[in-house]
Amino acid sequence: MDDTDPRAPLRVPELRAALLHPAGPLRRCEVLPAAGSTSTELLARVAADPAWADGGLLVAEHQQAGRGRADHAWTTPAGAALTLSLAVRPGVPRARWGWLPLLTGLAVTRAVRAATGLAAGVKWPNDVLVPAPDGADLPGWGPRRKVAGILAEVAPAGDAVVLGIGLNVDQGPAELPVPSATSLRAAGAGAVDRTALLVALVGEVVAVLERWQDHDGDVTAAGLDTAVADACLTLGGTVRATLPDGTELRGTAERIDPQGALVVRDASGTERVLLAGDVRHVRPVGELGSQS
């Protein structure tokens, strides 16, 4: 393979030169040929060596047992996606950590938009969606498909968080696991340089989180609440939330509260506050989102 092949291996020397201190924002960066889950691997490294928590990045060319919310597992073909985990110490009040998946989603959205021109957006609390190339509606998803997922996990010591990101880049339709999934190529972006995209993505995540941390996790003071709301496809739409006990809540997604929870107004006019850990699914009743 050469560098023009969209599934060429990541150019590790280039990644390290761009991302590692002092030229870049990270302290450690390692690319594995394969891993079950980059987050599982990185959590173990943080536990064994806390220095990994200060800006440590672990990337797998082939992730074989990725983990999402509600213990959903997924795999990716070798060289077809970006599967990575980044360890950070938030350094802000823990009550504000609920914003981490949303802020990471905002960063991924910005990187995808800049690299591909696709109208990416955030689906609360931790997915990134792009328009389906044919514009077809899919029940529960409308005319959009999932291109990336994010999982934030607190490290055992409790002062660090591992942010797992899986971004589909080059999969064809036959390689996608479910109809609601897509890739950048399948969505119309064409061939994408994964190395350049990874550098841009990590840069966006770090920039967003630094802005958040500089304001002690106050998203309003940082102007990030508005940025997330503008990128959030869920807001303004009628949604159906499935709760852990199997019951459903229907209503209008009104806003995101100061802790990163979704505020839904039900048919009676009562506002219900949904924390990410308290819901199994949030799906649109009609078309997902009126914003892009």
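How far apart do the C-alpha centres of domain 1 and domain 2 lie?

1. **Domains.** The C-alpha centres of domain 1 and domain 2 lie 24 Å apart, and the contact, which means heavy atoms within 4.5 Å, takes 12 residues from domain 1 and 17 residues from domain 2. The assignment places domain 1 at 12-229 and domain 2 at 236-284, with bounds that come from an automatic or database domain assignment.

2. **Basis of the note.** This is a predicted model, in which local features need pLDDT of at least 70 and side-chain atom pairs count only at pLDDT 80 or more, while totals for chains, interfaces and linings use all residues. Residues are numbered from 1 along each chain as its sequence is written, and side-chain values use heavy atoms, with hydrogens and water left out.

3. **Overall form.** The protein contains 7 helices and 14 strands; helices (H or I, at least four residues) and strands (E, at least two) are DSSP runs, numbered from the N terminus. A compact globule of 292 residues would have a radius of gyration near 19 Å, and the 18 Å of the protein agrees with this; the radius is taken over C-alpha atoms, and the globule rule is 2.2 Å times the number of residues to the power 0.38. The C-alpha trace spans about 55 × 45 × 35 Å along its principal axes. Of the 292 residues, 52% count as buried, where buried means under 20% relative accessible area, exposed over 50%, and partly exposed in between (1.4 Å probe, protein chains only). Among contacts between residues at least 6 apart in sequence, 61% join residues at least 24 apart.

4. **The second largest pocket.** This pocket has a volume of about 460 Å³, and of the 25 residues that line it, the closest to its centre are Gly98, Pro101, Ala152, Ala276 and Gly277. The elements that give two or more residues to the lining are helix H3 (100-116) and strand S8 (144-154), and S8 gives the most, with 4 residues. Because domain 1 (12-229) and domain 2 (236-284) both give residues to the lining, the pocket lies between them. The lining divides into 17 nonpolar, 5 polar and 3 charged residues; Ala, Val, Leu, Ile, Met, Phe, Trp, Tyr, Cys and Pro count as nonpolar, Asp, Glu, Lys and Arg as charged, and the others, Gly among them, as polar.

5. **How the pocket is defined.** On a 1 Å grid over the protein atoms alone, a pocket is an open set of points where a 1.4 Å probe fits, with protein on both sides within 12 Å along at least five of seven lines, and lining residues have an atom within 4 Å of a point. Grid points are joined across faces, edges and corners, and a volume is the space filled by probe spheres set on the points.

6. **Strand S10.** Thr242 lies in strand S10 (residues 238-242) and counts as buried at 14% relative accessibility. Not counting residues up to four places away in sequence, Thr242 touches Thr247, Glu248, Val279, Arg280 and His281. Thr238 is also found in S10, but counts as partly exposed at 41% relative accessibility; the C-alpha atoms of Thr238 and Gly140, 98 residues apart along the chain, are separated by 11 Å.

7. **Two loop residues.** Asp170, in the loop between strand S9 (161-168) and helix H4 (185-189), is buried, with a relative accessible area of 5%. Leaving out residues up to four places away in sequence, Asp170 touches Pro6, Arg7, Ala80, Glu175, Ser183 and Arg185. Ala34, in the loop between strand S1 (28-32) and helix H2 (38-48), is partly exposed at 38%, and beyond its neighbours within four places in sequence Ala34 is in contact with Ala60, His62 and Gln64.

8. **Backbone points to check.** Most residues other than glycine have a negative phi, and most peptide bonds are trans. A cis peptide bond joins His21 and Pro22, with omega about 10°, and Pro22 sits in the loop between helix H1 (12-19) and S1. The peptide bond from Trp124 to Pro125 is also cis, with omega near 5°; Pro125 is in the loop between strand S6 (121-123) and strand S7 (127-131). Asp216 has a positive phi, near 55°, and lies in the loop between helix H5 (194-214) and helix H6 (219-222), where Asp216 counts as partly exposed at 39% relative accessibility.
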